[in-house]
Amino acid sequence: MTETATPRLPEGYEISTDPDRIDADRVHRWLSTDAYWALGRPRAKHDAAMKGSLNFGVYESVSGEQVAYARVVTDRATFAWLCDVYVDRSVRGKGIGTALVAGVCEELRPCGLRRIALVTDDAHGVYAKLGFRTLERSGDWMVLGLE
């Protein structure tokens, strides 16, 4: 991450990694109906993905209602994959997504990871604000599609 001030959540919102606070029904609905990368994702697959990940939620402080979500697949030693970042349409434009990703990075910083990776079709600007950049040698990366 760059040496800029860490974006903070707007007043009235809080971030948590407490798995008991995640509204799994809401997150599944968001992702399976409104996120281009997860459209139609079955609930069982969604639950398995959450179970094997470090999950982050953003909540309205007063009501406790979840308004955003992100998950990280990581060994907490060398590598992390940031995925399923979603902000409810009703609160977009307030900086919640940027602050959520900044919070993820801060949570992972003590792990001494070599890198946090992600893929996006449409949010490069959000991630670039936090120091993410496109791969210089993307041809070095490989993927095996299993579906």
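A salt bridge is a side-chain nitrogen of Lys or Arg within 4 Å of a carboxyl oxygen of Asp or Glu. The exercises below apply this to a predicted model, which holds 11 salt bridges.

**Exercise 1.** Decide which residue forms a salt bridge with R89, and where the two partners lie.

*Solution.* 
- Step 1: the partner of R89 is D34, with 2.8 Å between the closest N and O atoms.
- Step 2: R89 sits in the loop between strand 4 (79-87) and helix 3 (96-108), while D34 belongs to helix 1; the pair links distant parts of the chain, 55 residues apart.
- Step 3: R89 has 54% relative accessibility and counts as exposed, whereas D34, at 26%, is partly exposed.

**Exercise 2.** Explain why the salt bridge between R26 and E65 ties together separate parts of the chain.

*Solution.* 
- Step 1: the closest N and O atoms of R26 and E65 are 2.8 Å apart.
- Step 2: E65, at 36% relative accessibility, is partly exposed.

**Exercise 3.** Classify E106 and R109 as buried, partly exposed or exposed, and state how far apart their closest N and O atoms are.

*Solution.* 
- Step 1: E106 and R109 form a salt bridge with a closest N and O separation of 3.3 Å.
- Step 2: E106 has a relative accessible area of 33% and is partly exposed.
- Step 3: R109 is partly exposed too, with 44%.

Conventions: Residues are numbered from 1 along each chain as its sequence is written. This is a predicted model: local features need pLDDT of at least 70, side-chain atom pairs count only at pLDDT 80 or more; totals for chains, interfaces and linings use all residues. Side-chain values use heavy atoms; hydrogens and water are left out. Buried means under 20% relative accessible area, exposed over 50%, partly exposed in between (1.4 Å probe, protein chains only). Helices (H or I, at least four residues) and strands (E, at least two) are DSSP runs, numbered from the N terminus.
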